[in-house]
Amino acid sequence: MNSLLNVEGSSLSALFQEYEPQLFNIRSHILHFYDNIKDRDLSTIAESNLEELYAIFSELDELGHLDVDSTMCEFVLQDPAIRALLPAVHSSYSSFFSLHEIRLAQKILDYENPWKMLESFPLYPRYENLINVHFQNSSRAKVLAFIGCGPLPITLLLFSKLYGIRCVGIDRDPEAVALAKSCVKHFGLEKEISIFAGDENVLSEFEWDSVLVAALAEPKPRIFQNLHTIIKKKKSDNGKPISVCYRNYTGMRQLFYWPVLPEHTRGFRKINEIRPSCGVNNTLVFLECE
């Protein structure tokens, strides 16, 4: 037994030595990113500082899109120095994402042709690709409900424009809801897209046959628990299957935000998982209620 352990330990040590230079390089970049954001209050960033902020977060984006194998990814995510910084990194990413959507929504509202403005946004192809992949791998929905739609509901705008799907967006933040409603009206889609304030429990008041959970929607355990209860009741009412999908962060993209864990989705069965491609950040996970 001791000899076996020595062999395994020796193999692990040799493997670590092989990956150590790349791990050191990644750790250095994460420490550099953390140094740039640790003293910033992202809720008070002025418009003049936004370009600087984009430059800072581009470093994190590049790390999340590194093409590394699963072993290297595991070394990165289990590295003690990196793990100690992840809560702050994840929090900053969530705040930055919200700030970015607010600023983009405000720019679109000032633009006479909102679609032209949105499509000129450098990351627009990522959004469009994500929607196309979702549609191609899901059952055809008549009404899509989106939990955590945010201040700029690009997902709902694209589902409506590209596939003619009726949409319902919900968000807990009243300011995000107000901005999202203004954006939907500016795009001329207020008859196709409805936005409501509240958490996932609001969905018990509407008709829908497909639900999407945003990657940054929280808290995940409660959301899925309540969804399970709502879906069970809806199935007993009309017998129709309910499509469930959530956006997740996997691989190196776990540097952006916490992934959904298996215990968060108790009561659901995973039926498909689509890993990101073409610069997309989110993995799409499709579920069905057990």
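Q: What percentage of the 290 residues in the protein chain do buried residues make up?

A: The model is a predicted one. Buried residues account for 48% of the 290 residues in its protein chain. The cut-off for buried is under 20% relative accessible area.

Q: How many helices and strands does the secondary structure of the protein chain come to?

A: The chain has nine helices and seven strands. Its radius of gyration is 21 Å, close to the 19 Å from the globule rule for 290 residues, so the chain is as compact as a globular protein of that length. Along the principal axes, the C-alpha atoms fill a box of roughly 70 × 50 × 30 Å.

Q: How many Å apart are the end C-alpha atoms of helix α4, and what should its 30 residues span?

A: Helix α4 covers residues 80-109, and at 1.5 Å a residue its 30 residues should span 44 Å. The end C-alpha atoms are 44 Å apart, which agrees with that expectation.

Q: Where in α4 does a kink lie?

A: The kink, of about 45°, is at Leu86, shortly before the proline Pro87.

Q: How many cavities of 30 Å³ or more does the count come to?

A: Rolling a probe the size of a water molecule over the atoms shows where empty space is left. In this structure the count comes to one cavity of 30 Å³ or more. The largest cavity has a volume of about 50 Å³.

Q: Which residues line the largest cavity?

A: The lining consists of His134, Phe135, Ser138, Ser139, Ala141, Leu144, Phe159, Ile165 and Ser210. By class, five of these residues are nonpolar, four are polar and none is charged.

Q: Is Leu144 buried or exposed?

A: Leu144 is buried, because its relative accessible area is 2% and the cut-off for buried is under 20%. Leu144 belongs to strand β1, residues 143-147. Its C-alpha atom is separated by 8.2 Å from that of Leu156, 12 residues apart along the chain.

Q: How much space lies in the second largest pocket, and which residues lie nearest its centre?

A: The second largest pocket holds about 300 Å³ of space. Its lining has 20 residues, and Ser139, Pro241, Ile242, Ser243 and Val244 lie nearest the centre. Two or more lining residues come from each of α9 (220-238), β5 (243-248), β6 (268-274) and β7 (283-289).

Q: Which element gives the largest share of that lining, and how does the lining of the second largest pocket divide by class?

A: Strand β7 gives the largest share, four residues. The lining divides into nine nonpolar, six polar and five charged residues.

How values were computed
Residues numbered from 1 in each chain as written. Predicted model: local features only at pLDDT ≥ 70, side-chain atom pairs only at ≥ 80, totals over all residues. Heavy atoms only, no water. Expected span 1.5 Å × (residues − 1). Bend = angle between axes of the 7 residues up to and from the residue. 1 Å grid on protein atoms, 1.4 Å probe; cavity = no way out; pocket = protein on both sides within 12 Å on 5 of 7 lines; lining within 4 Å. Points joined across faces, edges and corners; volume = space filled by probe spheres on them. Nonpolar A, V, L, I, M, F, W, Y, C, P; charged D, E, K, R; others polar. Rg over C-alpha atoms; globule rule 2.2 N^0.38 Å. Buried < 20%, exposed > 50% of the residue type's maximum accessible area, 1.4 Å probe, protein only.
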